[in-house]
Structure formats: structure tokens, C-alpha cells
Amino acid sequence: MPIHEKSLIREENITVQEELVIDGVDVSGHWSTFIEPRVVTDYNEELEEEIAALPGGEYIHRCWQCGSCTNSCTVNAIDPEFNPRFWIYLIRTGMEEELLRDKERIWQCVSCNQCTYACPRDVFPEGVMKATAHWLELKGHTPKSPSMVFDEVFTEQVIATGKIEEGRTLRRFLGRTAQPLMQDWIVEMGKKLLTNLPLKMLTKMGIGSVLAPRTRGWSKAGAAIQEYQDEQQAKHRKALNLDELVAMAEQELTSQEQ
Amino acid sequence: MTKPILVVGAGPAGLAATHALAAVGQPSILVEKEDTLGGAPILSGYARLVPSDEWAKDAIGRMVERSVQSPLVDVREGTRITEFSGQPGNFSAKLSSGDQIEVGSAVLCTGFTHFDSVNKPEWGFGTYEDVVTTTQVEQMISSGKGVRCPSDGRKPSRVAILLCVGSRDRQIGREWCSKICCTVSSNIAMEIREELPDCHVYIYYMDIRTFGLYETKYYWRSQEEFKVKYIKSRIAEVTSDGERLIVKGEDTLVKRPITIPFDMVVHAIGMDPNVDNKNLAEVFGIDLEVNGFIDRGNSYGNMGETSRPGVFVAGAATGPETIDDSISQATAAAMAALAQVHTPDAAAAG
């Protein structure tokens, strides 16, 4: 059965000549409608391995395209273009260009894990979505997501002090994501704090933000976590050939300057 | 006079084994837990068999007749084995009837259990009357009443068959392919189209495995002659709008969501290990493989070996199997069991 599914034809692949006469026959306008063939010119054969090297992507090779993930997906119910099954196919076949067309959609996964429970092959599609969003960031296709920046701020503080000081986390997060400190909800919270005056909590917060307490004897534990994180990040950079790509880009930049 | 051979289970495999033994003059004892002989094709009321197109009650009925009438086959219906001990050539078994029998070797033809669709609640079986299993459709056809919606007896105008129900699914611990459901479903689809030419039949699949010669006879023929439609999609859920069943999923080839009304949804249910396998393994002192089917020993020397010398196995007891192959395996296992009784030294060399 041939597939004539209009939604699979992209706008930019449809050409129509306003004025066209062929052999004396006027075929202007929609009579000259022509669909440009879509041609795959190259596969990135490393793509599946790159995604598999990132946390969550380990089981992508198990997929047999049944579509259970897309069927159960909460985001797909709102946006039919949000299609994990399709992206897993693109990744496994190495169609990087096609995948990048959806880079503004992929990160929208809400991690509800419905797909995880529906998948008959234990692909862990939610993990694959996370790994793919991470891959897009590492390769520079999308900026760091706010949640990623928050995770970084949070982790830095844990590694440094062994504690979380909310005020500081919030200030740094808002600063790094270029958001004003005077958020509406913060103002509201401040008002409520003033009217209710939870003195004990306010004192604690005040002391905390001035003294920046540390967990006693934390330095060794902090160093160990830092070391593990560095190891993991180095592993991911290596899997994605990031250092090589950066070096190539720098070389190009210097040759352009000369 | 050598000791008889014990055959457990009177389905296609067990009936083939006793026939093979009787054909060479070897006495056997056929023990069947049910009161009716014939196994799944008879007990579950199958209609026309694949690939012969013969009615199950004719084809399997003949096999039953043959064994019952043979003076060399001692048939014990409604009976189970409760104890089994001894050495190859010299086993002793206790039956639930209280009898004690002495046998030279044993062939287990204990078959499988149909998957219970209640274990996949999202597909509506047990919730909606018009969601049925392939076994139920077989019964509708074999009873002569025809394919009708159980809720009100109307003729369905749209039927969906869902493949891999209880097969190839890690979520419910059933990773195996049940081997026969694709072919059986194509066959059922053609039978529905034959009886109800105005009824549209859709098959929802992940992969189609109508292996070997079944490809032309079932997969191709169902499309070319019977216009059965195959959609590559694993269905998300079966619900109802109060009047008809609503099937939801994604047509993966065209990347489009599906929400389609149907009169009847058929689950192509798979083959589970026999629910009695744990008990059988304990009584006979044999191993089960990782999924719970009876484990095979050496597959290249003697056919049908289990982990215990002198105890053989054939048919769907070892994993999903067709009727034809169950019969061939049982004939081969009967040969190995016979050798164990007659020429134990030669048999051991296998």
C-alpha cells in the first residue's frame, strides 16, 4: 500500500510556478505543483553510540519501533509532533539532520515515565529523551536549559560545603540565568514572611546566608564527588568527541584570523 | 517383554507419540489430566487448523480414535502423576487414581497454557464484552454460530486483531515470540472476511512472523485475496464510547495518531508455559528453562532429551510450537524413549 500521507510532505519541498507554460500548455499555479524528493545524503553512524554513552540512553538499541512510548506519552497528547518513537528511529539510523529539526521539542519531555511503563522492551524511553536533550546541549545545538543551570548551581554548592543554603542557590541561579532577583513570587513570599514572622526560621536563614555553614570534615567527601563528576563528564566529552570538535573549531578560528 | 513407556498428555504430541510406539509394537500408557482427549485443539475448540485447513475435531479426532482403539495404548483419562522414581529402563510412577505403574521411560507431552488477557488490562479484555481472544473466535467459528459480538449478537462491521498479546513483552515477563499467533490471526482474518464480506478486518502488528511457507498462504493471501489491512502499530489502549470500542495508538509508518471505532477487538493471545510445569518439574525431577518451559538436554544426539536420562519431552511443553512440529517432535522423542527401553547402551551413546 503506498503511503500518501500529506503531513509527511514538508512545506519547503512543495514548489509551485506562478507562470509556467510547457509545450504550449498553461500549467501556471497549482497545476505545476511539484514535490521535491527528500534525499538522505549521509548517516552519522556514531549517533546511537553517542546517545547510549549518556546517562539514560543505555538501552536505546533494544527498540523495535512498536510506538508504545508515543502512544502513552503525555506531551504527545498535546503536541502530536512530539514523538519519542520517531526520534529513537532517527538516532538509531543516524539521521542527525532530521533529529536537529526537532531540537526545540525534544527537551519538552516532562519525565512522567508513562513510556517507561508501557515499553515492552525496557528501552527506558524517558531516559533516552533525557540523554538526547543532554546531547543537544553538549553539542551546542541548544543552550543550557534552566533546569540544567539549577542542577549545576546546586551541585557546586554541595561539593563545596556539603550543605544547601537556599538563599545563595536562588541568587546564583537567577544570576546565571539572567533573571531579576525581584521575582513576583519572591516579593509575595517576603510579604507573607513579614506578616507571619517565623522568627526562628528567619534567624536561621540570616545566619546561614552570612556565615555559609559547611559540613564538618566535608573536604574529602566533596573532593571525591568532584572527582567522580569530572570523570563522568570527561567520559561523556570523549564519547561525543567534544574535545576534538572544540580543537577543530579553534584551529579554524585562528586560520580565519590570519 | 519390555516395560511400557509412559506418555504424559494426550494432545497432538502425546497422541503422535503413542501412535508411533504402537506402530512398532511397543505398549504405552497414556495419562491425561482432563477427562477429554485431544489437548488444546479439542479442549479450546479450535476451528480449521493451520496449514491443512482441516477442522480440528476431524484431524485431532482421528488421532484420538487411533490411540484409543489400539490394544497397545492403555489410556488413563482424568489422571495425574503424583510420584515418579527409578532409573532409565526401570521407572515407577504413582497415579492420582492410586495405581502404581512400572515403565521403561517417559515422554512428557504436557503442552502449554493460553495467555490470560486479563494481564494486559489496557486492552480491555474483561472490561468490554466485545474484546475477545483468538481462542474465542475459533470457538465462534467451530461452533458454526459464526463471528458475532458477544454483547448483543450483532454481526461486526469492523474487527481489529491485536498481535503479540502476552508475547514479546518485558513488562509482563514474557519475552518469547509465541510463533503461531501471526499465522493464526491471518487465518482468522480470512475466515471472518469469508463469512462476513462487508466486515473490515485490521491487524495491528509490531512485526509479522508468518514464517516459512505461511508467508504466501496466510500473510500475502490475506492481503491480496481477502483485503485484510495490516497497520504497524502497538495499540496503546482499548476504550469505549458507550456504543463501540475505541482503539487508540500510533500508525508508526505514517507517524499519525489513531483513534478508530471497532465493533470487536480480538487479542492474538500467546503461549505461556503450562501452569503445571513447576509441579511437573518437581515430580519428574527435571529442569525448567529460564521462562518456565521444560528445558531440553542434548538437542543433537537424541531428540527430546530433558535434564533427566530416560525422561523425554516433545511439543509446546518446550516452548511455543506448531501442531505439525509437535507431532514430529513427539515421533522423534518416542523413538528415543523406545531406544532407552530396548537398547539402553546404544541409547546412552547418543
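Val8(B) stands opposite Val31(B), a residue of β2(B). The two strands concerned, β1 (residues 5–8) and β2 (residues 28–31) of chain B, run in the parallel sense and are joined over 4 bridges. Strands here are DSSP runs of E with at least two residues, helices are runs of H or I with at least four, and both are numbered from the N terminus; two strands pair if DSSP finds at least two bridges between them. As a bit of background, strands of a sheet pair through backbone hydrogen bonds, in either a parallel or an antiparallel way.

All of this comes from a predicted model, in which local features need pLDDT of at least 70 and side-chain atom pairs count only at pLDDT 80 or more, while totals for chains, interfaces and linings use all residues. Residues are numbered from 1 along each chain as its sequence is written, and chains are lettered from A, with ligands numbered from 1, in the order in which they are written.

Zooming out, the pair belongs to an open sheet of 5 strands in chain B, ordered β3-β2-β1-β7-β18 with parallel pairing. β3 (73–76) and β18 (311–313) of chain B sit at the edges with a single partner strand each, so one side of each has no neighbour in the sheet. From one strand to the next, the twist averages 20°. Helix α8 (residues 323–342) of chain B packs on this sheet and touches β1, β7 (105–108) and β18 of chain B. Its direction makes about 170° with that of β7(B), where axes are lines fitted to C-alpha atoms (for helices, over the stretch in contact) and angles run from 0 to 180 degrees between N-to-C directions.

Chain B as a whole has 9 helices and 18 strands. Buried residues make up 49% of its 350 residues, buried meaning that 20 or more other C-beta atoms, placed from the backbone, lie within 10 Å of a residue's own. The C-alpha atoms of chain B fill a box of roughly 65 × 40 × 40 Å along the principal axes. Chain B averages a pLDDT of 95, with 98% of the residues scoring at least 70; pLDDT is the predictor's confidence in each residue, from 0 to 100.

Then there is the partner chain: 20 residues of chain A are in contact with 17 residues of chain B, contact meaning C-beta atoms, placed from the backbone, within 7 Å. On chain A's side, α2 (68–72) and α4 (84–93) each supply at least two residues, and α2(A) gives the most, with 4 residues. For the complex, the predictor gives an ipTM of 0.77 and a pTM of 0.84.

Terms used
Two residues are in contact if their C-beta atoms, placed from the backbone, lie within 7 Å. A residue is buried if 20 or more other C-beta atoms lie within 10 Å of its own, exposed if 12 or fewer, and partly exposed in between; C-beta atoms are placed from the backbone.
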